[in-house]
Amino acid sequence: MKIAVLALVALLMQLLLFLCAGSAIMKMRKKSAYRLSGALLLGYFVYFSVFEVICFLCEIFLAPLDRLAVIMLVVAAAVIFAGTIFCGKDWILRLKTLKERAKEHGLILIFVIAAVVFVCLFALIYTDASADSDYYVGMASTALYTNTIGRFDPTSGSLLKAIKPRYAYALYPYHNAVIADLFRIPAIVAARTVMSVINALMSCIAVYQLGRTLLDRKKKADIFTILVIVFNAFSATIYLPGTFLFSRTFEGKNLIANLVMPAAMLIAVKIYRKAEENRRELFISMFFVTAAAVSFSASVVIPTAFLVAAILPYSLIHKDIKALGGLMFGILPPLVWAVLYVLNAHYVFIIRTFG
Amino acid sequence: MEGVTVSKYGLAFVAESLRKYLGESWLLLAVCLLGMIVSAVLVSFGDGKSKSLTSPGLKDVTCMNWTVLIFLSLTLYNPVLVKSLIPGLGMTTVYYRSFWAFPIVLAAAYYLAYLAGGFQKRWLSAMILAGIVACAVIFMPLNPGIRYHLQLPTNVYKVNGAIPVLADAIHEDFEQTDQYQEKMEKAANADPETRKGLRKIMVQTLPKCVFPYDMEFQVRQYDASIALTCKRDMRLYYEGNRSTGVTYSGTSGAYIRRKRILDGMYGRDPSVSVSSFRKAMEKTKTNYLVVENDQDSQDFLTAAGCSLIGDIAGYHIYSFGLTKSGEKLLPASETAAN
C-alpha cells in the first residue's frame, strides 16, 4: 500500500513538473491561451532533453546515481516553483473555461476519455516478462542498487569495462532510477507502473494534439484520437507501434513510435501549412523533441528520417533556405548522437566505467 | 524480425519485411494509400467549388504524406540500397522499425477522421465512426500484447509471484554461509574507487543464480542484488531465440559452461557428466539453481554436489559450493551417497 501511494505521488509530481516546464516555455513565447495538454507535452520533451544532457555528463564523469538524483531534484524544484508562480493564473483561467471547452467537444468527449483511460489502465496492469524489459528495467534497478550509472551489466550484474555505445546515450532508463531514488519506490515500480502510465497518457495527448493540428474542429480531432487508439489496439503484429503502446509502454522504443513520431508529424505539418506559429519556435520545439528522442532510444534515427523526408524536399522545392537551416538545427541532437555513436562504436573513444 | 534476412530474400527483403510488419493489418496501409490517392485527385483536379471536400489543410497533409513516402521509397525503403547497406550496419533484425518512419496508422486515421467528421449531421458522423470501429474489430485481430499476454498482476512489482519469495529464500540462505561472510569482510576493506574494489563490493557479495527461463528476465528487474550466471543474449540463444542476432559458437568456453549447467539441471543432455557439470558450476561461480519441481533432474544435481535448500512455490532451490559454520563441503560422491 505504501509503495502504491508513493507511486501515485511520483506520478502526480512528474505531471506537475512537465506542466510547469511546458507552461513556462509557452509563457516565454508570450502565449497566454495555450492548451494545458500541449504544455504538458512540451514540458515532457523539454525535461527529457535536459535530463539527457545532465545524465550523460554524470555518466562520463562516473558520478553516482544519488548525485544525479539530487541535481534533478534541484532542477525539478526550480521548474515547479517558477511554473507555479508565473503560470498558476493561466491554469486557473483555463480551468474556469473548462466547461465551455468540454461543450465544444460534445458527447464524443466521453468516448475519448474512455479510450485514454483504457490505454492508461492497460499500461498500469500489464505484466511484461520480455527479454527487453530485463535490460531496460534492469538498467534502472541495477543503477539504484549499485548507486552508479551504466557501470554494470543489467542482465547479469557483472562489472563492465566500457559502456556499450548502443546504450550509452539512451539514458531514459536512469530517469526511472532517479524517480525510484527520490520517491523511495522500487525501480521496477517506477519503470513499469509510474512511467508506463505517464507514457501512455503522453502518447494519447500527442495523438490528440496532432489531431487538433491536422483537423480543423475539436470533434474531428476527437474522432482521430479514438481511431488511432482503436487501430493500435487492433494491430496484428508485434512490430506495429500499437503493440509497443500497449505492452512495452515503459520502453524508449515505444516513446519513439507513439510519442515522438506524432510530435514530429505535428511539427512537419505546421511547417507545410506555413502556420501562423513562429517558425523559429517550431524548430526549437523540434530540437527538444529530437533531443528527448536521443534519451529514449537509438531508434531516434526513425523520427529523424521522417523529419528529413518531410522537410528537406519541401525546402528544396520551395527554395526555402530558412526551413533547411531550421531542419539542421532541429535535428542537431540526433546528428551529434550519430557522430558520437559511430566514433564510439569504432573505438575512436570508449566510455570507460573507471577513471 | 526473425527469419527475414537480406541473404535469404535479397531484393525482396524490404517487401517481405513490410509484409511481416503489417501482417493482417495490411488494411491500414490500404486505407492510408487510398486516402492519399483520393485526396491527391481531389486536390489536383477539384474545381475549387467543393471547398468542403478539400479544406482545410487536406492539400498540405496529403502533399507531406506523398513527399515523405516518395523520399523514403528512394532511400530507406529502396531495396537496392537496403540490400547493400543494412547487413553492414547490423540492422537486419530491427529493420522493421524503419516502417515507423512512415506513420501508416496516423495517416489512415487522419483520412478516416476527415471523412467521418466531414458531415454536418452529427448522427451521420457517429454512424460512420461506429462503422469504422466495427470494421476494425471484425477485420483486424486484437493486438498480440492484449491477445496473448493480458493477465492481472498478482503483486505491485508486476512479476511472477514466486520471484519475491524465492529471492528472499536465496538471500536468507546465502547470508548464513561462510563464503558470504568471507566476501563481506573482503568488501569492507575494498576501495570502491578501483575496479577491483567495486567488483568485490557490488559483484562478489551477490548470490549467483540460474533461474527458469520464464523467470530469468524478471529477477534482476525485481532484485538487482541477485547476480545471474547467464547474460540475457546468451540465455535467449540457449533457449533457441535468434531475434537478437547474437550467436555463440560451439567453441565459446563461456557459452559451453553455461549450456552444460542448463543441460544438466534440466537433464536435457545425457552426455553432460557430473564432473563436467561441477567444473562448469565452479568456473562460473554459480551458487544457486532454481528449477521447476516437475522438471528438475534431482538425482543428477544431488550427485553433482548440489544441496536442496528449499521447496518453495513450486520450485526447488539448490545451493552449490556453499558451507555454513561448522559444516564441511562434501565432495560429489559423498553428497550422492548421503
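Which residues of helix α13(B) are buried?

Author: Residues are numbered from 1 along each chain as its sequence is written, and chains are lettered from A, with ligands numbered from 1, in the order in which they are written. This is a predicted model, in which local features need pLDDT of at least 70, side-chain atom pairs count only at pLDDT 80 or more, and totals for chains, interfaces and linings use all residues.

The buried residues of α13(B) are B:E216, B:F217, B:Q218, B:V219, B:R220, B:Q221 and B:Y222. A residue is called buried if 20 or more other C-beta atoms lie within 10 Å of its own, exposed if 12 or fewer do, and partly exposed in between, the C-beta atoms being placed from the backbone. Because 7 of the 10 residues of α13(B), which spans residues 213-222, are buried, this helix is largely enclosed by the rest of the structure. Helices (H or I, at least four residues) and strands (E, at least two) are DSSP runs, numbered from the N terminus.

Both chains contribute to the cover. The elements over the buried residues of α13(B) include α6 (131-146) and α9 of chain A, together with α10 (162-174), β2 (227-228) and α14 (232-238) of chain B.

The contact between the chains may be considered next. Here, 75 residues of chain A are in contact with 73 residues of chain B; two residues are in contact if their C-beta atoms, placed from the backbone, lie within 7 Å. On the side of chain A that touches chain B, α6(A) gives the most, with 11 residues. By class, that side has 47 nonpolar, 20 polar and 8 charged residues. Ala, Val, Leu, Ile, Met, Phe, Trp, Tyr, Cys and Pro count as nonpolar, Asp, Glu, Lys and Arg as charged, and the others, Gly among them, as polar.

Within chain A, α9(A) also packs against α12(A): their axes come within 9 Å and cross at roughly 20°. Axes are lines fitted to C-alpha atoms, for helices over the stretch in contact, and angles run from 0 to 180 degrees between N-to-C directions. The crossing angle therefore makes α9(A) roughly parallel to α12(A); angles under 35 degrees count as roughly parallel, over 145 as roughly antiparallel, 65 to 115 as roughly perpendicular and the rest as oblique. Among the residues that meet are A:M202 and A:L210 in α9(A) and A:L259 and A:L266 in α12(A). The contact of α9(A) with α12(A) divides into 12 nonpolar, 6 polar and 1 charged residues.

The contact includes B:I261 of α15(B) and B:F277 of α16(B). Its residues comprise 4 nonpolar, 3 polar and 4 charged.
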